[in-house]
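Colleague: I have a model open and would like to learn how to read it feature by feature. Could you walk me through it?

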Amino acid sequence: MQDGSEVEKVIYLDNAATTRMAQEAVEAMLPFLTELYGNPSAVYSLGSGARKAVNGARRTIAGAIGAKQEEVYFTSGGTEADNWALRSAAEACQERGKHIITTRIEHHGVLNTCAYLEKMGFEVTYLKVDGDGLVDPEELRAAVRPDTVLISVMFANNEIGTIEPIGEIGAIAREHGILFHTDAVQAFGQLPIDVDSLNIDMLSASGHKLNGPKGIGFLYVRSGLRLCPLLHGGVQERNRRAGTENVPGIVGLGAATARALRLMKKKAERETMLRDYLIGRIEREIPYCRLNGHRTKRLPGNVNFSFSFVEGESALIMLDMKGICVSSGSACTSGALDPSHVLLALGLKQEEARGSLRMTLSEENTEEELDYVVESLKEILRKLREMSPSYEAYIKTL
Ligand SMILES: *Cc1c(COP(=O)(O)O)cnc(C)c1O
C-alpha cells in the first residue's frame, strides 16, 4: 500500500526518535478532530469548550514541572521551542551582552540556532564533555564572562542518554544572574523535573517523544522574563505566538503528560531493567563493542554501542530486514555518512562513531524481543566483519 497503512509487526527500538501514541492521548484528541472543532478564541460555547480544553492541558503540563499555567507556551514541537528560547533570550538581553554558553552535544535545534546567532554577532562557547558525555559544572563556571547572557544545556542527551547535572548548572546560572534554558525533550515525562528547585528559566519539550502527537510541544518561560513574540498576528498564547491553537495536538499532549506522570516510576523501572539486560547481553556476547554514554546517569530506555570494524548504517539496514527498528550514529547528509557530533564529542574516532547503533526502548518491549535482537545483531555483525578489510587486517595482528 502506498499510504503506509499496511502495518507489519516490528520490534521498535527507536523511541528517542519518536514514540507510538498512547491510546488515551488518541481518545482525548478524537472529539477535537470531529465534533468539537470550535476556535478557542470564539465566544460561543463550541469555542469556549476548546478554550477550556487548551487551558486544562496547560494546567496539567505546568503542574508536571512545578510551573504556573501562564508560564507554558505551546509550540509546534521541541525544535520550535529551542529556537524561540534562544532567539528570544538573545534579543531580550543583547544590551547586556552577547555571549552564550552551550555544549557540543546539544540537539541541532539548539546548535543550529546558536550558529545563526553567531552570524548575528553573538559569541558562543561550546563546552566539551567527558568520555561519558557529562558537562563539568566547574568548566561551565570558568566559561562565564561579564557579558554572558544565556546558558543552554540539555537535560538528557537524545543519542547517548546521558543525564546532565542540571541542578548544579542551574545553581551556577542563578548565582551569576544568567538565564538558564534546558532542552528537556528527552527528559520531560521520563524524569521528575521541578523548574524552581533546578533554577530552570526556560525549558523545551515535545509531544511525540512521550507518546503524544507530533507537531506539538511547549516552551516554559519563568514569569517576569521578557519573551519576545515568535509569530506576530493575533493574541493567542498571550500575544507571544499568534495563530489559531493546535487544539487536538494540545489536548493530546496534555493527556500524554498526565499518563507519563502517572506511569513514570513504573515505566522507568521496567525500561531500566530491559536496558541493563540488553547492555549486559551485548557486552558478554559481542566482541569489540563499547557502551557509549554514562552507565548509570542515563535515560531508562537508552542503549548506545559502538561496534568496531562495521558501519552502523549497514547494520541498521540489515536489522530492518529482520523487522527491527534502530538508529545509527551517523546521518546521511549529501550522500556521505557523517559521524554523530555527540559521539565525536565523547572522543570517539570517526570510524568508532560510524560503527554505532542506538536502541531506545519503551516499557512495551519484552525480553523475548531483546533476545531476538541480540541473536540478529550477532549474526549481522559476524557477516559484516567477515567482509570488513579493517577486521581482516586487525585479525592478522593477533
Ligand atoms: C526530538 C528532539 C528535539 C526536536 O523535537 P521536535 O518536536 O521533533 O522538533 C529537540 N531536542 C531533543 C533532545 C530531541 O530529542
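Modeller: Gladly; let's start with a helix. At 1.5 Å a residue, the 20 residues of helix H11 (residues 367-386) should span 28 Å, and its end C-alpha atoms are 28 Å apart, which agrees. The expected span is 1.5 Å times one less than the number of residues. Helices (H or I, at least four residues) and strands (E, at least two) are DSSP runs, numbered from the N terminus. This is a predicted model: local features need pLDDT of at least 70, side-chain atom pairs count only at pLDDT 80 or more, and totals for chains, interfaces and linings use all residues. Residues are numbered from 1 along each chain as its sequence is written, and side-chain values use heavy atoms, with hydrogens and water left out.

Colleague: Which residues of H11 are buried?

Modeller: An α-helix has 3.6 residues a turn, so residues three or four places apart point the same way. In H11 the buried residues include Leu370, Val373, Val374, Leu377, Ile380, Leu381 and Leu384. Buried means under 20% relative accessible area, exposed over 50%, and partly exposed in between (1.4 Å probe, protein chains only).

Colleague: What do the buried residues of H4 pack against?

Modeller: Helix H4 (residues 108-119) has Gly109, Val110, Leu111, Thr113, Cys114 and Leu117 buried. These pack against helix H3 (78-93), strands S3 (99-103), S4 (123-127), S5 and S6, and helix H9 (341-345). After H4 comes Gly121, with a positive phi near 100°.

Colleague: How should I read the faces of a strand, say S6?

Modeller: In a regular strand the side chains alternate between the two faces of the sheet. In S6, Leu179, His181 and Asp183 point one way, Phe180 and Thr182 the other, and all are buried. Five of the five residues of S6 (residues 179-183) are buried, so this strand is largely enclosed by the rest of the structure.

Colleague: Which strands pair with S6?

Modeller: Two strands pair if DSSP finds at least two bridges between them. Strand S5 (residues 148-152) is parallel to S6, with three bridges; Ser152 has His181 as its bridge partner. From S5 the chain passes through helix H6 (residues 166-175) to S6 in a right-handed β-α-β crossover. Right-handed here means that, with the strands pointing away from the viewer, the path from the first strand over the helix to the second runs clockwise. Strand S7 (residues 202-206) also runs parallel to S6 over three bridges, and Asp183 is partnered with Ser204.

Colleague: And in which sense do S10 and S15 run?

Modeller: Strand S10 (residues 302-307) is antiparallel to S15, joined by five bridges, with Asn304 partnered to Arg358. Strand S12 (residues 327-328) pairs antiparallel with S15 through two bridges, and Ser327 has Arg358 as its partner.

Notes. Contact means heavy atoms within 4.5 Å.
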